[in-house]
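Please examine the structure shown below. The questions that follow ask on what grounds each term is applied.

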Amino acid sequence: MPLSVLILGGTTEASALARKIAGDPRLAPILSLAGRTTNPQPQPIPIRAGGFGGIAGLVTFLRREAIEAVVDATHPYADQMSAHAVAACRETDIPLASLVRAEWPRRADDQWQVVADTETAARALGDTPRRVFLSLGRQELHVFATAPQHHYLARLIERPEQETLPPDLRLLQARGPFDRIAEERLLRDERIDVLVSKNAGGMATYAKIEAARALGLPVIMIARPHKPAGAVVPDVDACVQWLHGLAPRGV
Ligand code: NAP
């Protein structure tokens, strides 16, 4: 029997892992999405969507589906899902690998102000009205309603549902990856003064950081949260190796 694997996804890496192991006779994977995006990208392996219902719900799912290995490939800022994965895997004694993307290193010519969270980022924009590029999830936009003096350009995959949004907000619906030339053009055309970003790591959204550097623009960088992890694997290939180490041979 192939190894039954749950991948916690919603990221480029999770999709890359799904592509890599689709059709692998030694593995029977299922990809889990939080269900926030109404039109997720098609995947080459079975998917399930929506929260599990906390740690207890995840434990129930793992037992019901007879999962034998879990890969946490969620975003570096999805700390709650990771905490639940660590706790549920400990309770069920199921091996857990965590695909952890390296942070973007700060270069000497980057003008970053690192802040602890989104609320501090909104305050750090200051009192003087500025033109701000927000590349954050739609759950976080409402925080910038506390700094209504600024003009915001927010890039999102989907429109936000919250009622409380900054008054001077323009939405740009787009899904990465993005390239540096286009990002520079966007920042220039929109006369952006400052960016607010998470330190997502990876290449899919790095172009805006390179563009800000090239244009000499400041970036308010929201620091990563503490994200509990299992066995850390740095990339998709290492993750496949880890899975093969657990999978039965000669399936
Ligand atoms: P989070 O705060 O860590 O998790 C909140 C709750 O959402 C979890 O307790 C869980 O609900 C559910 N959940 C999260 N990821 C899930 C998954 N892959 N499958 C099933 N349920 C999941 O997560 P988040 O920051 O809101 O991120 C949600 C999703 O978007 C994740 O899949 C993440 O990889 C992706 N994403 C996040 C960001 C970001 O900046 N945070 C950026 C890009 C992509 P229950 O407790 O009910 O199980």
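Residues are numbered from 1 along each chain as its sequence is written. This is a predicted model, in which local features need pLDDT of at least 70, side-chain atom pairs count only at pLDDT 80 or more, and totals for chains, interfaces and linings use all residues.

Q: What makes domain 1 and domain 2 the domains of the chain?
A: Domain bounds come from an automatic or database domain assignment. That assignment gives 3–102 + 226–246 as domain 1 and 112–222 as domain 2. Their C-alpha centres lie 29 Å apart.

Q: How many residues of domain 1 and domain 2 are in contact?
A: Contact means heavy atoms within 4.5 Å. By that criterion, 11 residues of domain 1 are in contact with 12 residues of domain 2.

Q: What is the area buried between domain 1 and domain 2?
A: Buried area is the accessible area (1.4 Å probe) that two parts lose on being put together, summed over both. For domain 1 and domain 2 this is about 900 Å², and carbon and sulfur atoms give 45% of it. The side of domain 1 that touches domain 2 has 3 nonpolar, 6 polar and 2 charged residues, where Ala, Val, Leu, Ile, Met, Phe, Trp, Tyr, Cys and Pro count as nonpolar, Asp, Glu, Lys and Arg as charged, and the others, Gly among them, as polar.

Key: Heavy atoms only, no water.
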